[in-house]
Amino acid sequence: MPFVQVKTNTGKIKYHYTISTPELDSAEKINPDLPVVLCFHSLAFPHVFHSQFADPMLRKFNLVVFNFRTHGETEADDLPEGYGMKEAAEDALAFMDALHLPACHFLAIDYGSPIALQIAIAHPDRVLSFFIISQICLKEPPDVCEGHRQVYESWTSAFPAPDQFDIELGMEGGYGFSQFMFSNKMTNLAQALFNATFPLCQKHWGYYGKKNFRIATLDFLCNRQAQSKAALSRLRCPIKLVYGTDDVAYTQDYSEEFLQDLEDAGVEASLFVVPGAPHFVGVDYASQVNPVLHDFIMQNDDRKPPPVSGHVLSPWDALLRQNGWAPDGSNDSDEDDDFVITYPH
């Protein structure tokens, strides 16, 4: 999977990215004749779109995802104080420019949603449609900020020295992450995603990365402000919101409030609710989310690519199998299972 280097006002970045096309699970470049779906991932989890990249229905498009700064395999200068939505959007736009991406369909989840929204507002000509799973585009609720602080304190306390790691505190931080993402119902796939993600978090947010962790998580999330009505009125693409009713951090009212803000600003918007789904709706509820995403893209693009005829795999198929994913087994959640973190050696 390739890299591309960019430089923005906040530093140098060597972006790691993934492209999947109808023909290739991991491609070097997009197919210029097909629509491009640009994905903005969640906090910490660069592989969160596995269930979308593995779906033949969606692989008729170019699927592109890049790792944010302090995430995944991306390498970059340290984050400056005050790094927020506008700075992250500037970085993402530099990535789009470096790859010479045309106007795209945006797919965002969680942490990626306010970044993608900022681009859609500032550069509406770059976005054909905007599909948001578990949006966090409003101001962070106080109780959610408190949860972020607890996870932050547990995680940073787990690294008291460069060569030390407190497993108990790491478990506490990991439990907080899992509760937030999956409502503490860890399916086999969810556990594999977590296992694959943990060493990346340790790499970026270990002892020497505590400042980056604070800026990228606590500061970025809890200092975030909602976009004004005037800003939202600059949007020129339709927006589809997706919400899972088992989200333990954000209520349905939170998404409905954002929907109302969009409609008040004259934006064509709608909300799709998935009963029983956690915050990371698209992981284990892809069978409900993906057809809606597919139809939304097709409705907002004049190009009508044919169905994919061959077999496709997620570009992270092997990685997730190495981390315990057993796709031929059961992915049903088991609330009695103990929460487990697999640590790198």
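Predicted model: local features only at pLDDT ≥ 70, side-chain atom pairs only at ≥ 80, totals over all residues.
Biologist: Let's start with one side chain: is Ile-121 buried or exposed?
Modeller: Residues are numbered from 1 along each chain as its sequence is written, and side-chain values use heavy atoms, with hydrogens and water left out. The cut-offs are under 20% relative accessible area for buried, over 50% for exposed and in between for partly exposed (1.4 Å probe, protein chains only). Ile-121 has a relative accessible area of 3%, so it counts as buried.

Biologist: Which residues is Ile-121 in contact with, leaving aside neighbours within four places in sequence?
Modeller: Ile-121 sits in helix 3, residues 112–122; helices (H or I, at least four residues) and strands (E, at least two) are DSSP runs, numbered from the N terminus. Contact means heavy atoms within 4.5 Å. The C-alpha atoms of Ile-121 and Ala-231 are 6.4 Å apart, although 110 residues separate them along the chain. With those sequence neighbours set aside, the contacts of Ile-121 are Gln-227, Ala-231, Leu-232, Arg-234 and Leu-235.

Biologist: How far apart are the C-alpha atoms of Leu-271 and Val-242?
Modeller: Leu-271 belongs to strand 9, residues 269–274, and is partly exposed because its relative accessible area is 22%. Beyond the neighbours within four places in sequence, its contacts include Val-242, Tyr-243 and Leu-259. Leu-271 and Val-242 are 29 residues apart along the chain, and their C-alpha atoms are separated by 5.8 Å.

Biologist: Is Tyr-208 buried or exposed?
Modeller: Tyr-208 lies in the loop between helix 6 (188–205) and helix 7 (210–222). From its C-alpha to that of Glu-146, 62 residues away in sequence, the distance is 24 Å. The relative accessible area of Tyr-208 is 71%, so this residue is exposed.

Biologist: What is the phi of Ser-134, roughly?
Modeller: Most residues other than glycine have a negative phi. Ser-134 is found in strand 7, residues 127–135, and is buried, as its relative accessible area is 2%. Its phi is positive in a residue other than glycine, near 55°.

Biologist: And what is the phi of Asn-184 near?
Modeller: Asn-184 is in the loop between helix 5 (167–182) and helix 6. At 26% relative accessibility, it counts as partly exposed. Asn-184 is not a glycine, yet its phi is positive, near 60°.

Biologist: Zooming out, what is the radius of gyration of the protein?
Modeller: The protein has twelve helices and nine strands. The globule rule, 2.2 Å times the number of residues to the power 0.38, is set beside a radius of gyration taken over C-alpha atoms. For 345 residues the rule gives 20 Å, and the protein is as compact as a globular protein of that length because its radius of gyration is close to that, at 19 Å.

Biologist: How much of the protein is made up of buried residues?
Modeller: The C-alpha atoms fill a box of roughly 55 × 45 × 40 Å along the principal axes. Among contacts with a separation of 6 or more, 78% join residues 24 or more positions apart. Of the 345 residues, the buried share is 59%.
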